[in-house]
Structure formats: structure tokens, C-alpha cells
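Visitor: Hi! Could you walk me through this one while I have it open?
Guide: Happy to, just ask as you go.

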Amino acid sequence: MSAMLNASGIIKNFPGVQALRNVSIEVRPNEVVGLIGENGAGKSTLMRVLAGSYRPDGGSLTLDGEQLRMRSPRDAARHGIGMVFQEQSLVLNLTVAENIYLGEEDRFTRFGLVNWRAMNAAARRQLAKIGIDIDVTARTSELTFAARQMVELAKALTLEEVVERQLLILLDEPTSVLNAADIEVLFARVRSLKSRASFVFVSHRLDEVLAISDRVYTMKDGAVVAKHRAAEVTAPELHEIMVGRGLQAEYYREARQLAPRDTVMVEAKGLGANGAYHGVDLNIRAGEIVGIAGVVGSGREEVTRTIGGFLQHDAGEMKIAGDMVRFASPEPAVRKGIGYVPRERRLEGLVMFLSIAENISLADLSSVMRHGAIDYGKERRLAADWIKRLRIKAPGPDAACRKLSGGNQQKVVLARWMTAGSRILVLDHPTRGLDVGAKEEVYELVRDLSAQGVAILLISDTLEETIGLSHQVLVMRDGEITARFDASPGKKPNQVDLLRAMV
Amino acid sequence: MTLIPGRIAAVFGGRRWRSLAPLAVLIVLCVLIAIANPNFIELRNLVRLANSAAVPLTLAMGLTFIILMGSIDLSVEGTLSVSAMVVVLLAANDANGNDYGWWAVVAAVVAGTAMGFVSGLIQTMLRIPSFMATLGMWFIGLGLSVYMLSGSAIRLNDASIRDLALHRFLGLPVAVWVAFGAFLLAAIIQYHTKLGRHILAIGGDEDVAKLSGVNVTRVRITAFALAGFFFGVSGVLAAAQLGQSHAVIGDGRLFAAVTAVVVGGTALTGGEGGVVNTLIGVLIVTVLANGMILLGISPYIQQTVQGLMIIAAVALSLDRVRLRIVK
């Protein structure tokens, strides 16, 4: 069968990262193509290129043999390409119908007035076609996530009312916010719609991808590393390809994993917080790295946020270096020597407009104060010292943090906590969005910190990273710890065991 | 087509008490003032009330669209004084020989619209926040009109324009009917046109609106021009009511308009509320001012009360817990 959409040799660069290197995929008519890969493998970037929101730096796109040049999502829509976004893209203060036809009101407008009744009727028909029963006059904010996802799908499918050719619908991790029953509903819709459209389906849940796709592309580090017919491959095989790396132990610097010291830095007993998690027992010793594995909603994010001071626990007790604590905000946590390295560096990690020097001294200005005033020379020397020690690639201490690459920004965050004398670090997806080289540097740094006796709590995008870095891995599911694994060098648990406890 | 009364019912019949609160405040306020001073509900006072609501209502209609979008328009007083200056100088007046009659009114409204259009261009093309763009336009407009009036008060002698304030139709001054017409126009735009919906979408989530194919730049410019149109009409009404234009014709109008919009329940963050809310807001502000005069409260205390009211309104209407950062 000939391809409907053909992407060949797509290249996309971001400052400091090559997100797509020479990626080629094709989508045939009436087909569901699965796209898998770890976070940062380039799946979302590729989807955005296909959807017209990113313009590729190289390569070509053809649709039914015609060259495609798309400058905006609107252009893509004109060619029958619609996208259902990972972070939902509905305007919450509008009704369902208004969202479905947002930007398309002209079709219901006469003499300058919009005929809402006709729009509502059309929206109702559209939802009926995919077999969904939702009140089209309801405010979108009142719908469940699952219902919103269906509305997004319906919105993407309205393209068929205006575009002659078969549609291509891009589904970017549509299942990440859905429960099992809702996922079944979504899949049933996708299957029944295959006669009218092709789909590209992105997910990090391999079994899902295999269940819904005809063919599967596997991406890694910005490139397609394999393609399979879904019937001819199993989830473990795909997993192997997706994460498989020669010399894993070396990658995670396992040789540098030292036995933790005796001092217990974090001790939690029966910890719980308003339904997010409960009965969590946790010990982290100086120099120890404890990883928590679990799916979205398992409660592991909330546990880390509790220790960072962003979420107050309401059951059990927590001791930091022997002192009973209950943090109402991050500030007392910082004073207790806890440093939080967030996944959203841009939102939570760094003040992007400030310089490296200013960011490093932010958590402990007293370290650069003299006679009650900030000593700029001292601040710059401190930053210059960190730039050298952590091999931060930057023009100098005065460089603005927003100009650094992700990996170097992450190093600045770590330097700040080291300056503030943090003895405990919470690493919340520390390598998200970093390329391979930058990841290795972060791993190196994490080993350094651990060797210096810093206690580390880690949650990460991949099991492999969690296992590779940690001394001890806890698995959480539905707010509880379901398994504990020793992860000393040479005795690392395997991913299948972890997965069993996760789902 | 859901008609405006249906929309009003939707706004005030909503599940959330917050949307009902402004109406409740208005009713309670009226009852309390009427008890304290029965003169409040005399026909003569009610007409006076409607008359003093005319200009704020027309202004606030324009401002509502801007605030719904999540922006702000500070040029209210500047645009209003430009419009008032244009109408006075082009119609029969005591400073020059012009006598263009109703063409002066048209010119004044066009001038107001043009001011708004420029604000929109500055905001979108130069990418300057609306706060700064319209702050600048405020002073440009104010300076321009005071210069053209040579710093003095110039009388409006055109009888037919003066009739906007002096002539009565069904017992109410024509200006009140004009303001009511402005309200209807604004309601139709908000509830029945694409522009109204796109303004709401931008206020709700500009990125998503853009992804959905809304031409955000065009909507923004149109919204500011629309606001300028309403400010222009207000300028004509203000000149007709005062029978003249002068340097301070706009004084205090910005505060009154913003208070009305906010007290009515339109969120400063955009996306929530609308012109029906603003109608209630204008009535609250006007009734309160009228009531305080009837009760003989000192004008300075009146001002203080208005300041308290605007803070209280924001405190009650805004879901502040949801705001990550308050700037």
C-alpha cells in the first residue's frame, strides 16, 4: 500500500539539543501508526512537526505525493492533519460546542451573528458520530478529563467536514490522563474511525501501543531505531530496543556507587497526605540514593513534593536529620537543608532572567553577603568556581540562565543547593528534556554528590535510570508502597519485577 | 439562537453563587438606601440615577471586552476627552465658527475608535503590554484635547446635540436611551458574534485559541477599536450633559469604569463575566454614589468607600487560591 504521509530525513534542532536527527516515517491510509520512545526521544517534537507547530530544519514532508510546507497548525488542518495534544488544548471557560468549532465560527455565521443553535446541533452530530454522549452546552471545565479527551478527538475529526481527503489524526499521549475503562472507550473509537482516518498514536505504555497500532516506530535519542508490524513484536522486545544500551552499568556510573553511610537523613513512618498517598515508610541515609518507581497517579510525585515542602502531610511522621518536621512551605524545608530539583526548570528551578551567579546564590544569599550587603565579587567568584567544578558550559558567571542548555541549567540548580549546604536532594525527573551527553554529566554529578554524603530521593522518567542510579528502589501504586528492592551494584533488580509491582 | 434574556438567565441562574452575588448586592443596597432615605425611590431620583449611569455604562461596555480578554485599557479618560473635544470643536461652539451638526458626533466617535485602534496596534505590533500601551494613549489623548481646547472650557451650542441630555423620551433623557442602546449592542457582540466568542477564548487561554486558528492579533486590535468606539460615544454624551468640554471632563471616569466592570464580576484574569455583569456593576456603583449623596456623606468618604469596594469586589470574585503568583 502506498503511503499517505511521508516524512523523510526530518531534522529539528533546539539550542544545545538536536531533537530530531534524520527521522523518516510513513503513514498509510486507514492505518494506526504507533510511536514509542522514552521521554526526550523526540516523539512529541516529531508530532509537532507533523502538526505544523514546529518547522523542521531539514528533510521533507509529502502528503499523497505532494510536497507539504506547513507554517502553522492551521495550515496542517487545511491539509486534513489534526492533533490531539498531550496537554489538553481546550479553552475551559467555553462550552463543548464552542470549543469544537473554535476558529470555525464562520460556518455558522449569518449577517455577522453566530447561530449557536446550529453550532450546537453540529457539535451534537459530531459527538454522536463517535458515539459519545456529552452535553454540548456544558462548560468544558465541568467535564472529566476523559470526556475532554473525547471532545478533543471530536474537534480534530471536524476537519472531515471541510477537507476532501482522508484525515490524519495525531494523538499525543492521549491515554496518560485516562483510566483503563476510558482507554478502552478511546480505542474502540479509534478502531471504528479507521475507515475514515489514519492515526499516529504516541504513548509510553507499550502494551497500549501494540493493542491499537498496525505498525510501530521506536525512537531513541532523536532518531527512529526500529520499525515493526505490531503483530510481529512483543512489549518486552520493544522495551529492549527502546531503552537498550550497551554497557548500562557504565552509563549509570555503577562502579562509583558506594555503600551509604549510617546517618539517617530522612525518616518517614506511616506518612500520608489527603488521599494522594498513605502509609509510606521511607529511610534515606547519607550518601544513599533512593528511587521511587510508579506510574502517574501512584503518589510518588506527591511524596517527593512533601519532602520538598510543597505538600503538607496529614498523617504519620517525618524526621529530617533526626528532627520531627511538617513543612507548610518550601522555605522551612530549604532551611532544613533540603534542595528540590524540579522537572520544570523553567517554571520552578531557575529564575531565567537572572545570571548564573545570581541563581546560584539565591537560596543562601548570606554566603555572599558582607557587612549586610551583597558582595558581587564574592558572588561571581563563587559562580566561577562552580562553573569550573561542574563543567558548566557558559560564557561566564554573568550569563543569563535562559541562554544555557537544559543540562547546564540543571547543573546551576544543583550548584545552588550545594551552595546552600543542602544535605538532602530531591531530584524530580532530573534528566527530563536532556540529551544523552547531558544526562551522563548529570549522572556523574549525582554520583559525586552521593560520594560526598548527600542523601538523594529520585523519581525519574525511566525505570532504567531509577534502577541504574539508586541504592534502593521503592515501587508505589495507588498511593502505597507495593515493593522494595535492593539495588546495590551487581544486584540490580530487573525492570519486569518492578513493572509487576507498578501495575 | 439563545436570546439575550436566556443568556442573562444563564449568567445569573448559574450554579455558582458568585455569579449571583453582584445582583444580590445591588438589591440589598437599594433596599438599605430606600429604608434610610425614602427619597431614593422617588421617580425624580431614579431618573437622576439613570442619567448619571449613562456615561459610566457606555464606557464600561467598552472596557468589559478588554478586561474579558485579560488585558486592561487605561486610555478611558484620554479617549473620552478627545471625543468630547472633537464634538465640541466641530459642532456649533463659542470658540470657532464650525457648525457641522451631527457630523461632529460621527467624527468624535470615529476619533475614539481610532484611538482604540492605535492602542490595539501598539499592543500587538510593537508587542507592548496593554497596560503600558494604553497608559501612553491616555496621556496622548489628554494632552491633545487640552491643547486643542487651549486649556479652557468651550461651550457646546448645538441645540440638537445638547438635546441628548436635555430632551426626554418616555420620561428619560435621550442619553440614557443611547447608553441602553450601547448595552444592547455590546450584548449582541458578546453573546452572538464570533468576535465576542474569540475575545472570551483569548481571555480563557490565548495559546489554545491560537492553536485553534483564532487570529489573536486581529481580535485584539478589533477589541481595542471597539472599546474606543464606546469611549467615543461616552465622550459625546459627556459633552452633551455638561454642555461644554474642558480639561477635566474625563477625571475619575477610569476608576468608575474599572470598578463597575470588576464589581459586576468580570474577572481581571479574563475569560469570566461579560457585559450583563457590567450592567449590574454600573448600577451598583451609581446607586452607591447616589445613596451616599442622599445620606449626606462627605465626598471624600465616598471616594474612600469606592476604593474599598473595588478591593472587596476583587477579593470576592477572584479565585485567588488558583493564582500561582500575584503581581
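Visitor: How far apart are the centres of domain 1 and domain 3 of chain A?
Guide: Taken over C-alpha atoms, the centres of those two domains of chain A are separated by 40 Å. Keep in mind that this is a predicted model, where local features need pLDDT of at least 70, side-chain atom pairs count only at pLDDT 80 or more, and totals for chains, interfaces and linings use all residues. Residues are numbered from 1 along each chain as its sequence is written, while chains are lettered from A and ligands numbered from 1 in the order in which they are written.

Visitor: Where do the domains of chain A run?
Guide: Domain 1 covers 5-243, domain 2 is 247-337 + 423-430 + 455-503, and domain 3 is 343-422. Those bounds come from an automatic or database domain assignment.

Visitor: What about sheets in chain A, which strands and in what order?
Guide: There is an open sheet of 6 strands in chain A, ordered β6-β9-β10-β3-β11-β12, with mixed pairing. From one strand to the next, the twist averages 20°. Strands here are DSSP E runs of at least two residues and helices are H or I runs of at least four, numbered from the N terminus; two strands pair if DSSP finds at least two bridges between them.

Visitor: In which sense do β3 and β11 of chain A pair?
Guide: Parallel, over 4 bridges, between β3 (residues 32-36) and β11 (residues 215-220) of chain A. A:L35 has A:Y217 of β11(A) as its bridge partner.

Visitor: Switching to chain B: at what angle do α7 and α8 pack?
Guide: About 80°, with the axes of α7 (residues 159-166) and α8 (residues 174-192) of chain B 5 Å apart. Axes are lines fitted to C-alpha atoms, for helices over the stretch in contact, and angles run from 0 to 180 degrees between N-to-C directions. So α7(B) is roughly perpendicular to α8(B), a label for angles of 65 to 115 degrees.

Visitor: Which residues make that contact?
Guide: B:D163, B:L164 and B:A165 of α7(B), with B:V174, B:A175 and B:V178 of α8(B). Contact means C-beta atoms, placed from the backbone, within 7 Å.

Visitor: And how many residues of chain A are in contact with chain B?
Guide: 21 residues of chain A, facing 18 residues of chain B. Helix α2(A) gives the largest share of the chain A side, 3 residues.

Technical notes:
Contact = placed C-beta atoms within 7 Å. Parallel < 35°, antiparallel > 145°, perpendicular 65-115°, else oblique.
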